[in-house]
Amino acid sequence: MTLGRSVQSGIFLAGLLVLAALNMVFAPGPLTQALLLAPAVALLGLPHGALDLPMARVLWPLTGAADHMLFYGAYIGIAGAVAALWWLAPGLALIAFLAYSALHFSGDWEMDGLLLRIAAGLSVIGAPALFHVTDVVAILSVLTDGAFAEPIAYAIAVAGLIGASLGLIALLQLSRHARGALLELAGIWMGAAILPPLLYFIAYFCLLHSLRHMRDTLQALPERAAALRAAAGIMVASVLGASLALGLFLRVDGADLESSVLRVVFIGLAALTVPHMLLVERFRHRRLSA
């Protein structure tokens, strides 16, 4: 997968414009946005996370069934612990999720300098709350049953302001190397301003973060075809698991369809991001030090 930086940026910005046009013409409500979010994350977002097993095979000698079971057990155990924390203390779990998501997403700009990396990580999380705080509060309320949703939304809006300020400082220090990153940062703020938060998340997560991670990871893996085959199987298992979780929310929890979809997508991402992030950071360190 040899997509260059300019192509990645172009796909992201084009996606923003397409979603903005669709939003202007059809004005999808919250339920429709949630129903668009789920397949977008499944088809365009999950594949990059499905490369975790091929990454693990590079990092450790997973040669037999016992090694693979140990890896799967540790991975699922960490994800399960995050899900349990969300069940027991949803407000605390949400704060932690937003914090480590900002850290993880900032890795999309790891080669652009610390200032831009921090600015982008904070902007990705905080920008929507600055423009659509009511919508963000509503989404966070679903994820936490109302616990601390409003103060958390305002806190991430402040984080967005810090990100914007750092981005402006980076603009004043503009270097030729950083122009691509600044263009993407401008796209993040434009998308957060003109799109509802869920559509903005589709654009960033599926068309920039996932795409970039897929490209970078595949370039570093020795057997790309085998990695893609393994990723396809894991993605199918993930979609089946998400479908089962959605059914449980609808039947057991009694939640409506919109709330159930939001919980499955975001709590699922929260649970999977922790082992994924730990693995990615170790793989990154190995790749950069090689």
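## Buried, exposed and in between

A residue is called buried when its relative accessible area is under 20%, exposed when that value is over 50%, and partly exposed in between. Arg5 has a relative accessible area of 28%, so this residue is partly exposed. Keep these words in mind, as they return throughout this tour of a predicted model.

## The protein as a whole

Let's begin with the overall plan. The protein has 12 helices and 0 strands. Written from the N terminus on, its elements read α-α-α-α-α-α-α-α-α-α-α-α. Of the 290 residues in the protein, 49% are buried.

How confident is the prediction? The mean pLDDT of the protein is 86, and 89% of the residues reach 70 or more. Confidence is highest in helix H6 (residues 114-131), with a mean of 95, and lowest in helix H11 (residues 224-253), with a mean of 67. Where pLDDT is low, the predicted coordinates should not be read in detail.

## Helix H1 and its two sides

Helix H1 covers residues 5-26. With 22 residues, H1 reaches 31 Å from its first C-alpha to its last, which is close to the 32 Å expected at 1.5 Å a residue. Which residues of H1 are buried? They are Gln8, Ser9, Phe12, Leu13, Gly15, Leu16, Leu19, Ala20 and Asn23. These residues cover an arc of only 150° around the axis, so they sit on the same side of H1. On the other side of H1, Ser6, Leu17, Val25 and Phe26 are exposed.

Val25 and Phe26 also belong to a nonpolar surface patch, which they make together with Val18, Leu22 and Met24. The area of this patch is about 580 Å². Val18 is found in H1.

Follow the chain onward and you come to Ala27, which is in the loop between H1 and helix H2 (30-49). Ala27 has a positive phi of about 45°, although it is not a glycine. Is Ala27 buried or exposed? At 55% relative accessibility, Ala27 counts as exposed.

## Salt bridges

Side chains of opposite charge can pair when their charged atoms come close. The structure holds 5 salt bridges. One of them joins Glu184 and Arg5, whose closest N and O atoms are 2.8 Å apart. Glu184 lies in helix H9 (residues 179-194) and Arg5 in helix H1, so this pair ties together parts that are 179 residues apart in sequence. Glu184 is buried, with a relative accessible area of 1%.

Glu184 also forms a salt bridge with Arg212, and here the closest N and O atoms are 2.5 Å apart. Because Glu184 is in helix H9 and Arg212 in helix H10 (residues 197-220), the pair ties together parts that are 28 residues apart in sequence. Both Glu184 and Arg212 are buried. Which residues are linked in a network of salt bridges? Arg5, Asp112, Glu184 and Arg212 are. Another salt bridge is formed by Asp216 and Arg215, with the closest N and O atoms 2.7 Å apart. Arg215 is buried, with a relative accessible area of 16%.

## Apart in sequence, and in space

Now compare positions along the chain with positions in space. Ser123 has its place in helix H6 and is buried, with a relative accessible area of 0%. How many residues separate Ser123 and Ile188 in sequence? They are 65 residues apart in sequence, and in space they are 7.3 Å apart from C-alpha to C-alpha.

A second pair to look up in the structure is Thr273 and His104. Thr273 lies in helix H12 (residues 257-289) and, at 12% relative accessibility, counts as buried. Thr273 and His104 are 169 residues apart in sequence, while their C-alpha atoms are 8.5 Å apart in space.

## Helix H4

One more helix to trace is H4, which covers residues 65-88. H4 has 24 residues and reaches 34 Å from its first C-alpha to its last, close to the 34 Å expected at 1.5 Å a residue. Its buried residues are His68, Phe71, Tyr75, Ala79, Val82 and Trp86.

Conventions: Residues numbered from 1 in each chain as written. Predicted model: local features only at pLDDT ≥ 70, side-chain atom pairs only at ≥ 80, totals over all residues. Heavy atoms only, no water. pLDDT = per-residue confidence, 0-100. Helix = DSSP H or I, 4+ residues; strand = E, 2+ residues; numbered from the N terminus. Patch = residues over 30% accessible without salt bridge, like charges linked within 9 Å, V, L, I, M, F, W, Y side chains within 5 Å. Areas by Shrake-Rupley, 256 points an atom, 1.4 Å probe, with all protein chains shown as cover. Salt bridge = Lys/Arg side-chain N within 4 Å of Asp/Glu carboxyl O. Expected span 1.5 Å × (residues − 1). Buried < 20%, exposed > 50% of the residue type's maximum accessible area, 1.4 Å probe, protein only. Arc of directions from axis to C-beta.
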